[in-house]
Amino acid sequence: MAQRNIVVGQSGGPTAVINSSLAGVVAAAKDLGYDKIYGMHHGIQGFLNEDLVDISEYVKDKNDIELLKRTPSAFLGSCRFKLPKIEGNEEIYDKIFEIMEKNEIECLFYIGGNDSMDTIKMLSDYAELKGKKQRFMGVPKTIDNDLPITDHTPGYGSAAKYIAASLKEVIRDNSSFGIEKPTVVVVEIMGRHAGWLTAAAALSRGEDCEGPDMIYLPEADFDMDDFMARVKKLSEEKSSVVIAVSEGIKLADGRFVCELGSASDYVDAFGHKQLSGCAVVLTNKIQSELGLKSRAIEYSTLQRAATHLASLTDINEAFTVGYLACKAADEGKTGMMVTIEVVNRDPYEVAYNIYDIHAIANVERPVPAEWIVNNGTDVSEEYVKYARPLIMGELTPMMVEGLPRHLVLNKSTYRK
């Protein structure tokens with residue numbers, strides 16, 4: 001009797017809750033009676049090498065599910081591997097389907113962002129082209145929050161929570177000084193071409209924190225002269241200046257601010273240029289031209305790995321989209337992604353749908369222009385109302401010897 005097996009992979013930059021989505025897929029597969037749950041070791045790239053993990057060896061009960069939900073990064077390992085276009089590259093697709101048939105895999109789930117959804121699109125298109133019965137479902141994940149159709153993406157709420165919380169601490173620290181002249185702190189935040197993450201700096205504002213003095217998103221052209229003039233004015237009025245900037249801010253001529261320094265020329269398989277260093281460019285300019293002490297802080301991977309400060313709302317939604325993706329595939333759906341629809345923001349209430357992957361893959365959703373205010377130096381209250389519910393709640397880590405315990409895959413990190 002043939003087995004009913006599934007395979008799930010993780011792709012792109014990890015998040016604090018990507019493993020909650022994996023836990024959701026696993027929990028659903030167990031509830032639906034699948035015989036074996038395979039995991040791709042390092043995404044579709046590992047799958048092509050037949051590098052599979054038997055997830056049941058690691059996730060045996062509800063305690064393991066709970067530990068997996070509290071584990072940062074991609075438990076199965078990730079990759080940035082772009083499937084080529086189908087025409088002229090049928091052999092690579094034939095190999096994927098051969099591996100699926102060899103292991104009696106009915107459904108493939110991919111947890112990721114824009115580029116990962118492209119993988120689901122290509123595989124479902126090829127299955128339809130060749131009359132294959134295997135099914136393919138996308139599970140949304142990205143701290144960048146730039147997938148279309150869905151109100152927001154799992155991973156974003158937790159990253160936003162970390163950004164707002166850590167920025168409050170940076171502001172408190174910086175306000176300790178400034179007797180003679182203020183220290184200007186420039187905090188660089190991820191997000192590539194979308195400013196959703198950097199906008200989260202506004203969430204730090206409240207009764208006990210005035211928040212950042214300026215917020216710069218990549219959706220608005222960056223004016224260096226205007227920036228310097230504003231910093232100079234702030235330095236004359238305040239004893240502490242803290243500014244949040246997106247790694248992807250660029251000048252009107254299209255150049256990234258990070259390219260004005262010693263930015264990396266590295267480009268990944270999807271053609272994405274590595275963006276980092278704009279905070280250093282700006283602090284160097286502030287020091288040399290304004291004579292002010294200036295410090296660059298780059299959150300980098302910290303903002304996507306802080307499971308100890310994850311949003312419970314985010315964790316629960318990440319789990320649910322994974323669970324519902326497996327349920328939808330079991331019902332015969334393919335070539336789709338689970339989406340989140342906010343029914344009400346206060347009190348917060350969501351519903352879930354599935355949507356055609358062709359409308360989602362490779363489409364970036366920017367921050368709405370009307371939410372960028374004060375000549376491109378801040379975000380509006382509408383953004384705050386949108387994002388505040390997404391950072392609510394906490395999930396206490398499982399602490400061992402004073403530190404969070406994680407579920408770890410016993411696969412070597414060294415190349416063979």
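Helices α8 and α9 cross in a right-handed way (the near helix is turned clockwise from the far one by less than a right angle). Helix α8 covers residues 224-237 and helix α9 residues 278-290, and the two pack at an angle of about 60 degrees with their axes 11 Å apart. Here helices are DSSP runs of H or I with at least four residues, numbered from the N terminus, and axes are lines fitted to C-alpha atoms over the stretch in contact, with angles from 0 to 180 degrees between N-to-C directions. Met224, Phe227, Met228, Val231 and Lys232 of α8 meet Leu282, Lys285, Ile286, Glu289 and Leu290 of α9, where contact means heavy atoms within 4.5 Å. Seven of these residues are nonpolar, none polar and three charged.

A word on the model: it is predicted, with local features needing pLDDT of at least 70 and side-chain atom pairs pLDDT 80 or more, while totals for chains, interfaces and linings use all residues. Numbering runs from 1 along each chain as its sequence is written, and side-chain values use heavy atoms, leaving out hydrogens and water.

Now turn to α1 (residues 18-31) and α11 (residues 312-330), which pack at about 40 degrees with axes 7 Å apart. Among the contact residues are Ala23, Gly24 and Ala27 of α1 and Ile315, Phe319 and Gly322 of α11. This contact divides into eleven nonpolar, four polar and one charged residue, with Ala, Val, Leu, Ile, Met, Phe, Trp, Tyr, Cys and Pro counted as nonpolar, Asp, Glu, Lys and Arg as charged, and the others as polar.
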